[in-house]
Amino acid sequence: AVVSTQSTGDRVEELALDKEMAEEEKECAELEAERSREQYEEVKQELDLMKEEIGSGSGGVAVDNVRIKQLEMQGTQLREAVVKLKEVNSRDTKKIEALTAQLTKEQATVADLSKLKVDLESELEEYRTKW
């Protein structure tokens, strides 16, 4: 029973560490998603401004189509990056939830084993005092 309690305790500790790592990964993914959204908004604003300048013909600014295409491609890539980061975030959230559930289950097992150990030690002590 001691070996089982020990390995269960180790497993609980491993699960707690896994959960902590998954939470850190999730935070990193959220930060990266926010950065990508900000970059996307900047590129979108720049593209919109260029389209306005072309449409109005004002300011004497000559904007070439190549630059517009580059900005459109960059915007598309950033949108795709945001989608991928949302998927990573979702996956990490599910992983954290699963680890949390598993950790809770393992903690309950540890509590049950601890109670059983106390009960068995008490029984053993009773038998020792009788004999």
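The accessible surface of this protein comes to about 9,800 Å² (Shrake-Rupley method, 1.4 Å probe; for residues, only the protein chains shown count as cover), and 54% of it belongs to carbon and sulfur atoms. The model is predicted: local features need pLDDT of at least 70, side-chain atom pairs count only at pLDDT 80 or more, and totals for chains, interfaces and linings use all residues. Residues are numbered from 1 along each chain as its sequence is written, and side-chain values use heavy atoms, leaving out hydrogens and water.

**Overall fold**
- The protein has two helices and zero strands (DSSP runs numbered from the N terminus: H or I of at least four residues for helices, E of at least two for strands).
- Of its 131 residues, 18% count as buried (under 20% relative accessible area; exposed is over 50%, partly exposed in between; 1.4 Å probe, protein chains only).
- Among contacts (heavy atoms within 4.5 Å) between residues at least 6 apart in sequence, 85% join residues at least 24 apart.

**Nonpolar cores**
- Seven residues form the largest nonpolar core: Tyr-40, Val-43, Leu-47, Met-50, Ile-68, Leu-71 and Leu-78 (buried Ala, Val, Leu, Ile, Met, Phe, Trp, Tyr and Cys joined through side-chain atoms within 4.5 Å).
- Helices α1 (2-56) and α2 (65-130) each supply at least two residues of this core, with α1 giving the most, four residues.
- Apart from this core lies another, of six residues, including Val-12, Ala-22, Leu-99 and Leu-103.
- Leaving aside residues up to four places away in sequence, Leu-71 touches Val-43, Glu-46, Leu-47 and Met-50.

**Leu-31, buried or exposed?**
- Leu-31 lies in helix α1 and counts as exposed because its relative accessibility is 52%.
- Leu-31 and Leu-85 are 54 residues apart in sequence, with their C-alpha atoms 9.4 Å apart in space.
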